[in-house]
Amino acid sequence: MNAVLKQMQEFGIIPVVVLNDTKDAEPLGKALVEGGIPCAEVTFRTEAAEECIRIMAEKFPEMLVGAGTVLTTEQVDRAVAAGAKFIVSPGLNPKVVKYCVEKNIPITPGIITPSEMEQAIELGLEVVKFFPAESFGGLKTIKSMAAPYGKMMFMPTGGINPENVKEYLKFNKILACGGSWMVAGNLVKEGKFDEIAKLVAEAKEIVKEIRG
């Protein structure tokens with residue numbers, strides 16, 4: 001498995017971050033590092049995303065910073081140039097996936113059906129994002145999908161929270177879970193970075209409890 005994906009597996013929970021203002025990038029990166037999960041999937045939904053990735057990658061070289069909600073190859077280039085080490089997309093766009101594979105950029109596209117899973121296998125992927133996880137049957141569906149596709153690992157995202165994440169992490173086909181509860185938009189907006197660090201530390205403890 002790719003070294004970046006192995007690192008994500010070690011973290012167990014990947015904080016999914018929406019940043020609307022570049023001033024929040026450094027204090028948020030600091031909170032993630034202090035909380036013990038030095039990793040962020042910064043969604044490309046906002047105009048600030050690209051610069052936020054750059055700030056985090058430069059200020060915290062120990063962090064694994066990636067870009068989420070990536071829809072085009074042009075966004076891939078911008079994210080990687082800013083310092084993103086991995087790409088996550090909500091769906092499986094063969095053009096974007098092939099582009100990343102050819103450039104050896106780890107990409108985790110979203111899938112929800114067996115047909116999409118077979119596309120992912122055909123494209124040479126080892127990990128897929130299952131999104132939106134809870135809306136499409138959650139862990140029960142993932143277990144059903146994993147049965148015929150034994151080599152594929154999953155990164156469920158969407159509706160993951162402290163109450164259900166433990167059950168996901170117990171399943172051996174889960175690489176990591178994408179979650180936003182510890183980096184909620186209101187906490188970032190209100191500058192509650194100490195609280196974010198505390199929630200991140202609690203998330204790390206959950207992973208440690210389940211995976212050791």
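Q: Does Thr108 count as buried or exposed, and at what relative accessibility?
A: The structure is a predicted model, and the reading applies to that model. A residue is called buried when its relative accessible area is under 20%. Thr108 has 2% relative accessibility and therefore counts as buried.

Q: Where is Thr108 found, and which residues does Thr108 touch, leaving aside those up to four places away in sequence?
A: Thr108 belongs to strand β5. With residues up to four places away in sequence set aside, its contacts are Leu5, Ile87, Val88, Ser89, Val127, Val128, Lys129 and Met155. A separation can also be read between Thr108 and Asp24: they are 84 residues apart in sequence, and their C-alpha atoms are 26 Å apart in space.

Q: How is the largest nonpolar core to be read, and which residues have the most contacts inside it?
A: In soluble globular proteins, nonpolar side chains tend to be buried together. Here the largest nonpolar core contains 83 residues, and the most contacts within it belong to Met8, Ile13, Leu28, Met56, Ile87, Phe154 and Ile196. Helix α10 supplies the largest share of this core, namely eight residues.

Q: Which residues does Leu28 touch, apart from those up to four places away in sequence?
A: Leu28 touches Val17, Leu19, Met56, Val183, Val188, Phe193 and Ile196 on that count. Two of these, Met56 and Ile196, are also listed with Leu28 among the residues with the most contacts in the core.

Q: How is the packing of α2 and α10 described, and at what angle do their axes cross?
A: Two packed helices are described by the angle between their axes and the distance between the axes. The axes of α2 (residues 25-35) and α10 (residues 193-211) come within 8 Å and cross at roughly 35°. The crossing is right-handed. On the α2 side the contact is made by Pro27, Leu28, Ala31, Leu32 and Gly35, and on the α10 side by Phe193, Ile196, Ala197, Val200, Ala201 and Lys204. By class, these residues comprise nine nonpolar, one polar and one charged.

Q: What is the place of Lys192, and by what distance are the C-alpha atoms of Lys192 and Ala31 separated?
A: Lys192 sits in the loop between α9 (185-189) and α10. At 36% relative accessibility, Lys192 counts as partly exposed. Lys192 and Ala31 are 161 residues apart along the chain, with 9.6 Å between their C-alpha atoms.

Q: How do α4 and α5 pack, and which residues of the two helices meet?
A: The angle between α4 and α5 is about 35°, and their axes are 9 Å apart. Thr73, Val76 and Asp77 of α4 meet Lys95, Val96, Tyr99 and Cys100 of α5. This contact divides into four nonpolar, one polar and two charged residues.

Q: Which residues of α7 are buried, and why do they line one face of the helix?
A: The buried residues of α7 are Gly138, Leu139, Ile142, Met145 and Ala146. Seen down the axis of α7, these buried residues fall within an arc of 120°, so they line one face of the helix. Lys140 and Ser144 are exposed on the other side of α7. The cover over the buried residues includes β5, α6 (114-122), β6, β7 (153-156) and α8 (165-170).

Q: Which residues of α3 are buried, and against what do they pack?
A: In α3 (residues 49-59), the buried residues are Ala49, Glu50, Cys52, Ile53, Ile55 and Met56. They pack against α2, β2 (39-43), β3 and α4.

Q: Which residues are joined by a cis peptide bond, and what is phi at Thr69 and at Asn104?
A: Most residues other than glycine have a negative phi, and most peptide bonds are trans. Phe131 and Pro132 are joined by a cis peptide bond with omega about -10°, and Pro132 lies in the loop between β6 (127-130) and α7 (138-146). Phi of Thr69 is positive, near 55°; Thr69 is in the loop between β3 (64-68) and α4 (73-82) and, at 18% relative accessibility, counts as buried. Phi of Asn104 is also positive, near 60°. Asn104 is in the loop between α5 (94-102) and β5 (107-111), and at 63% relative accessibility Asn104 counts as exposed.

Terms used:
Residues numbered from 1 in each chain as written. Predicted model: local features only at pLDDT ≥ 70, side-chain atom pairs only at ≥ 80, totals over all residues. Heavy atoms only, no water. Axes fitted to C-alpha atoms, helices over the stretch in contact; angles between N-to-C directions. Helix = DSSP H or I, 4+ residues; strand = E, 2+ residues; numbered from the N terminus. Left-handed = near helix turned anticlockwise from the far one by under 90°. Contact = heavy atoms within 4.5 Å. Nonpolar A, V, L, I, M, F, W, Y, C, P; charged D, E, K, R; others polar. Buried < 20%, exposed > 50% of the residue type's maximum accessible area, 1.4 Å probe, protein only. Core = buried A, V, L, I, M, F, W, Y, C linked by side-chain atoms within 4.5 Å. Arc of directions from axis to C-beta.
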